[in-house]
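Subject: Structure for you to look through

Hello,

Here is the structure you will be working with. Please open it first, then read my notes below.

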Amino acid sequence: LTSLPIGYKSVGEVILGHQTGPWLALTQEPGWVRIVYHGKRLLKRRVSHFFPTTNNTCAGGTFPIIDMYVCRAAATAFGHAFGPVHFCKSNDIYPRGCYVAAGSVW
């Protein structure tokens, strides 16, 4: 590798992208991540399914989206691809996580 890193990811963090050879091209932020480096697998493929809820409660076996990039991917999957994504923390007046309200993605 000959370039300097532009950022770092935590173990277990969800990142979104598409594979191009031995690299994952990030789709929600700038950059590329090596999938395998010196024989060690750095990334594990995970397929996510998004389910809408109407009562602010996740059904059994599901959980709230608490990552802004995953929130944008879910919004795109439900046809809300345009406009900003506002992310709510637990101390906000809205529920923690990702949802649609007043035409905006939160």
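S1 and S2 form a hairpin, with two residues between the strands. Glycine 21 sits in that turn and has a positive phi of about 65°. Helices (DSSP runs of H or I, at least four residues) and strands (DSSP runs of E, at least two) are numbered from the N terminus. Two strands count as paired if DSSP finds at least two bridges between them. S1 and S2 have four bridges and pair in the antiparallel sense. Across this pair, glutamine 19 stands opposite leucine 24 of S2.

S2 also forms a hairpin with S3, this time with five residues between them. The turn holds glycine 31, whose phi is positive at about 125°. S2 and S3 run antiparallel and are joined by three bridges. In one of the bridges, tryptophan 23 has arginine 34 of S3 as its partner.

A word on the origin of all this. The model is predicted, so local features need a pLDDT of at least 70 and side-chain atom pairs count only at pLDDT 80 or more, while totals for chains, interfaces and linings use all residues. Residues are numbered from 1 along each chain as its sequence is written, and side-chain values use heavy atoms, with hydrogens and water left out.

The pLDDT (the predictor's confidence in each residue, from 0 to 100) averages 79 over the chain, and 78% of the residues score at least 70. Where pLDDT is low, the predicted coordinates should not be read in detail.

The chain has one helix and seven strands, in the order β-β-β-β-β-α-β-β from the N terminus. Of its 106 residues, 17% are buried (buried is under 20% relative accessible area, exposed is over 50%, and partly exposed lies in between, with a 1.4 Å probe and protein chains only).

Leaving out residues up to four places away in sequence, leucine 24 touches Ile15, Gly17, His18, Gln19, Gly31, Trp32, Val33, Ile35 and Leu43 (a contact means heavy atoms within 4.5 Å). Leucine 43 is 19 residues from leucine 24 in sequence, and their C-alpha atoms are 8.9 Å apart.

There is one salt bridge, defined as a side-chain nitrogen of Lys or Arg within 4 Å of a carboxyl oxygen of Asp or Glu. Its side chains are those of glutamate 29 and lysine 9, at 2.8 Å from N to O. The pair links distant parts of the chain, 20 residues apart: glutamate 29 is in the loop between S2 and strand S3 (32–34), and lysine 9 is in the segment before strand S1 (17–20). Glutamate 29 counts as buried at 18% relative accessibility, whereas lysine 9 is partly exposed at 35%.

Most residues other than glycine have a negative phi. Histidine 38 is not a glycine, yet has a positive phi of about 50°. Histidine 38 lies in the loop between strand S4 (36–37) and S5, and is exposed, with a relative accessible area of 73%.

Finally, the buried residues of helix H1 (residues 68–77) are Val70, Cys71, Ala73, Ala74 and Ala75. Glycine 79 follows H1 and has a positive phi near 85°.

Regards
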